[in-house]
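Hi,

Here is the structure I said I would pass on.

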Amino acid sequence: MAYPLQLGLQDATSPVMQELIHIHDHTLMIALLVSTMVFYTILTTVTTKLTNKNMLDSEGIQTIWTIAPGLILILIAMPSLRVLYMMDEVNNPHLTVKTIGHQWYWSYEYTDYKNLEFDSYMIPTQDLIPGQFRLLETDHRMVVPTDSPVRMLITAHDVIHSWAVPTLGVKMDAIPGRLNQTTFVVSHPAVFYGQCSEICGANHSFMPISVEAIPLIHFEDSSTSMLAKI
Amino acid sequence: MSSMFRMVGKQLKTHPSLIPLFIFIGGGATMSMLYLGRLALKNPDVSWDHKNNPEPWNNIEPNQQYKFFTVNTDYSKLKKDRPDF
């Protein structure tokens, strides 16, 4: 989850997010190197005592500063396109969960085996137990098994919302009348938080998402007890 | 049109450092146009021929690769596991 004064991306808990972090590091490093070089060039150009009032020309440097940026851009584009296509692949999901965005809560449906449906409202700040996270906790969490590809089918009931969990590398708009699909695999058991990522009215900041990943052997027990409760 | 090419060719002979520029820009433009053409012709989201193929999105085989590039999925190995209509 996010922490105060955070500067970078959250730690990855899915293979896709790991790839995204890797490519972000690669691209940011190139951007920082280029910016440093440009800044140094400008600095030396502005502070130099060597001035020439005639037009200067140089074939060599023109060739270099065409080829080098071209190669750099190709080196950025190739991994980027690879990860882009990788994110779109649906790889035999073990479980399908449907989530519907409402104003202002999420509802989850597990209809693969039995009909499990529940709503997930934010826990108001005054009702938090010490140790819980403000504006991130929900009364019912979406439970998924670890190491299993999970397919999410995302839509909305009223206005556009967006289902996002940064640590899993997932963000998908929930659009009324449209079913969007995304998949993820959770690497280890934990609780992951996200927030609605498309402005949807007064309580847009107060409809978080919390995903609880538990080992596969315990997943059936958890769903059964959830079914009994609801 | 050909006079424009001849002018460009003359400029290239005196300034050969412009050749990489043509390669990169020309290559980029060619790749964009080729991909746009592929999207226009082979994308199953678009219906061009209303008589013979009115709904291409309904004619995709279960193991047909409709994306340009795959990383982990081998489309020829996919099984068909949904009902026919």
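Let me start at one bridge: Y110(A) has L116(A) as its bridge partner in β3(A). Bear in mind as you read that this is a predicted model. The two strands involved, β2(A) and β3(A), run antiparallel and are joined by five bridges. A hairpin of five residues takes the chain from β2(A) to β3(A).

How much of β2(A) is buried? Six of the six residues in this strand, which spans 105–110 of chain A, are buried. That holds for both faces: Y105(A), S107(A) and E109(A) are buried on one side, and W106(A), Y108(A) and Y110(A) on the other.

Those strands belong to an open sheet of five, ordered β3-β2-β1-β5-β8 in chain A, with mixed pairing. The edges are taken by β3 and β8 (180–185) of chain A; each has a single partner strand, so one side of each has no neighbour in the sheet. From one strand to the next, the twist averages 25°. At the β8 end, six bridges join β8(A) to β5(A) (residues 149–156), and the two run antiparallel.

Helix α3 of chain A, residues 216–229, lies across β1, β2 and β3 of chain A and runs at about 75° to β3(A).

Chain A has another open sheet, made of three strands in the order β4-β10-β9, also with mixed pairing. Its edge strands are β4 and β9 of chain A; each has a single partner, so one side of each is left without a neighbour in the sheet. Neighbouring strands are turned by 25° against each other on average, direction ignored. Between β4(A) and β10(A) (residues 208–214) there are four bridges, and these strands run parallel. P145(A) has I214(A) in β10(A) as its bridge partner. Helix α3(A) turns up again here: it packs on this sheet, touching β4 and β10 of chain A, with its direction at about 145° to that of β4(A).

Now the aromatics, which I think you will enjoy. Over all chains, the structure holds seven aromatic pairs. One of them is Y110(A) with F118(A): the ring centres are 6.0 Å apart and the planes make 25°, so the pair is stacked. Both Y110(A) and F118(A) are buried. Another pair is F133(A) with Y193(A), which is edge-to-face, with 5.6 Å from centre to centre and 80° between the planes. This pair links distant parts of the chain, 60 residues apart: F133(A) is in the loop between β3 (116–120) and β4 (142–145) of chain A, while Y193(A) is in strand β9 (residues 190–195) of chain A.

Which of those two residues is buried, and which is partly exposed? F133(A) is partly exposed, with a relative accessible area of 34%. Y193(A) is buried, with a relative accessible area of 6%.

Back to Y110(A) for a moment: ring pairs link Y108(A), Y110(A) and F118(A) into a cluster.

Last, chain B. It is divided into domain 1 (1–42) and domain 2 (49–85). Taken over C-alpha atoms, the centres of the two domains are separated by 35 Å. For residues 21–41 of chain B, UniProt has "transmembrane region", from an unreviewed entry. That span is 100% helix and 0% strand, and its end C-alpha atoms lie 30 Å apart.

Cheers

Note on methods. Residues numbered from 1 in each chain as written. Chains lettered and ligands numbered in written order. Predicted model: local features only at pLDDT ≥ 70, side-chain atom pairs only at ≥ 80, totals over all residues. Heavy atoms only, no water. Phe/Tyr/Trp six-rings, centres within 6.5 Å; stacked < 30°, edge-to-face > 60°. Buried < 20%, exposed > 50% of the residue type's maximum accessible area, 1.4 Å probe, protein only. Pairing = 2+ DSSP bridges. Axes fitted to C-alpha atoms, helices over the stretch in contact; angles between N-to-C directions. Contact = heavy atoms within 4.5 Å. Domains from an automatic or database assignment. UniProt positions renumbered as here; feature names shortened; annotations may be inferred.
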